[in-house]
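Please open the structure in a viewer and keep the sequence alongside.

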Amino acid sequence: MIGTLKAEEASQLQLVEREDIDDEEDLFEAIDKLITAGINAGDVKKLQDAGIYTCNGLMMHTKKNLTGIKGLSEAKVDKICEAAEKIVNFGYITGSDALLKRKSVIRITTGSQALDELLGGGIETSAITEAFGEFRSGKTQLAHTLCVSTQLPTNMRGGSGKVAYIDTEGTFRPDRVIPIAERFGMDPGAVLDNIVYARAYTYEHQYNLLLGLAAKMSEEPFRLLIVDSVIALFRVDFTGRGELAERQQKLAQMLSRLTKIAEEFNVAVYMTNQVIADPGGGVFISDPKKPAGGHVLAHAATIRLMFRKGKGEQRVCKVFDAPNLPEAEYVFQITPGGIADAKD
C-alpha cells in the first residue's frame with residue numbers, strides 16, 4: 001500500500017504537462033502528417049470532424065466507414081489510406097519488436113499492494129480491464145482510486161497522465177476523490193482539474209462521447225479512461241429478445257471503439273459491468289451469477305476481474321480471465337482514502 005507522502009515530497013509532485021512525456025517516442029502519428037504526404041488540408045479536416053485525429057486511428061477504420069464521411073469519395077479514401085500506410089507500419093513485426101513495444105505499457109497502482117500483485121503490477125495501459133460484480137462490491141470505489149493514482153508519477157507506480165470518466169449510472173462523486181488525493185499527498189483541486197467527466201444518458205450519447213475523446217487524447221497526456229458502467233444503458237435502451245441481436249451489435253461497436261482508444265493512445269481502459277442471475281449455474285453454486293453482455297463483452301475485455309463482498313469493508317477480487325495472469329484472488333479493503341490492503 002502506498003502511504004501518505006511526506007510534506008516535502010508532496011510539494012515536489014507536479015501534475016504532468018505534455019512536454020514531460022515527450023522524451024518517450026511518440027506512440028501515434030498526428031493526422032496532420034497526411035498534409036505533408038500530399039493530402040488536401042480540407043480532407044484532413046473532414047477526418048478530424050469525424051473523430052479521427054491520428055494516422056494510427058485512421059488505419060483502424062474500414063474503407064467503407066471512411067467513405068461514409070461526407071465529402072470523401074472512394075478515390076479520395078484510397079489515396080488517404082495509401083498515404084497513411086507510408087507513415088504508419090501496420091504490417092507484420094517480429095516477436096522481439098512486439099516485446100519491445102510492450103515496454104511502453106504502464107501499470108497503474110490500484111492503491112492496494114496485494115491487488116497490484118494479483119494484476120501483475122496494476123491496471124495496464126493498451127488493454128481493457130473489466131470489473132464485474134454485484135452492487136457494493138467495490139467496482140466504483142476502485143474507479144475513484146484510479147482517478148487519483150493515474151496522476152501519480154510513473155516512478156511512484158502512477159501513470160503521469162489525465163483521466164477521462166464516462167458515467168452512465170450517476171455514481172461519480174468528486175467529493176470522494178478529495179480524501180483519496182490527500183492520502184496520496186496530492187493537491188485535490190489539481191487532481192480534479194485533471195479529470196474530464198461526462199454523464200451519458202443513452203447508448204448513442206455514450207458512443208458519441210467516446211468519439212469526442214480522440215481530439216482530447218491527441219493533444220493531452222491521458223492515461224486512463226473509465227466507463228462506469230459499460231452495459232447499463234444498453235440494458236435500458238434495448239428490451240426483450242427481439243432487440244437482443246441489435247443490442248449486441250451496437251455493444252460490439254462500442255467495445256471495438258474502446259479497444260482502439262486503448263491501443264491508439266496507450267491508455268488504460270477500466271470498465272465496470274453488472275451481473276445477471278444464471279439459472280443454469282448448477283446446484284453446487286449457492287448464488288449463481290454471471291457478467292452481463294454475453295460473449296461479445298467477454299471477448300472484448302483483456303482482463304476480467306470478479307468482485308464480491310467480504311466481511312465489513314473487505315472485498316474479494318478474483319482474476320476471472322486474463323492472457324498473462326494466473327487465476328487467483330486477493331482480499332482488499334475500502335477505506336476513506338480509497339482502495340487499500342486489507343487489515344488482518
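In which sense do strand 10 and strand 11 pair, and over how many bridges? Select residues 314–321 for strand 11: strand 10 and strand 11 pair in the antiparallel sense, over six bridges. (Strands are DSSP runs of E with at least two residues, helices are runs of H or I with at least four, both numbered from the N terminus; two strands pair if DSSP finds at least two bridges between them.) This is a predicted model, in which local features need pLDDT of at least 70, side-chain atom pairs count only at pLDDT 80 or more, and totals for chains, interfaces and linings use all residues. Residues are numbered from 1 along each chain as its sequence is written, and side-chain values use heavy atoms, with hydrogens and water left out.

Next, display Met 306, whose bridge partner in strand 11 is Lys 318. Proceed to Gly 312, which takes a positive phi near 55° in the hairpin of these strands, where four residues lie between them.

Now select residues 127–133, strand 3, together with residues 303–309, strand 10: the two run parallel and are joined by five bridges. Gly 133 stands opposite Phe 307 of strand 10.

Finally, select helix 9 (residues 139–149) and helix 10 (residues 174–183), which pack at an angle of about 55° with axes 9 Å apart. Axes are lines fitted to C-alpha atoms, for helices over the stretch in contact, and angles run from 0 to 180 degrees between N-to-C directions. Show the side chains of the contact (heavy atoms within 4.5 Å): Gln 141, His 144, Thr 145 and Val 148 from helix 9 meet Arg 176, Val 177, Ile 180 and Ala 181 from helix 10.
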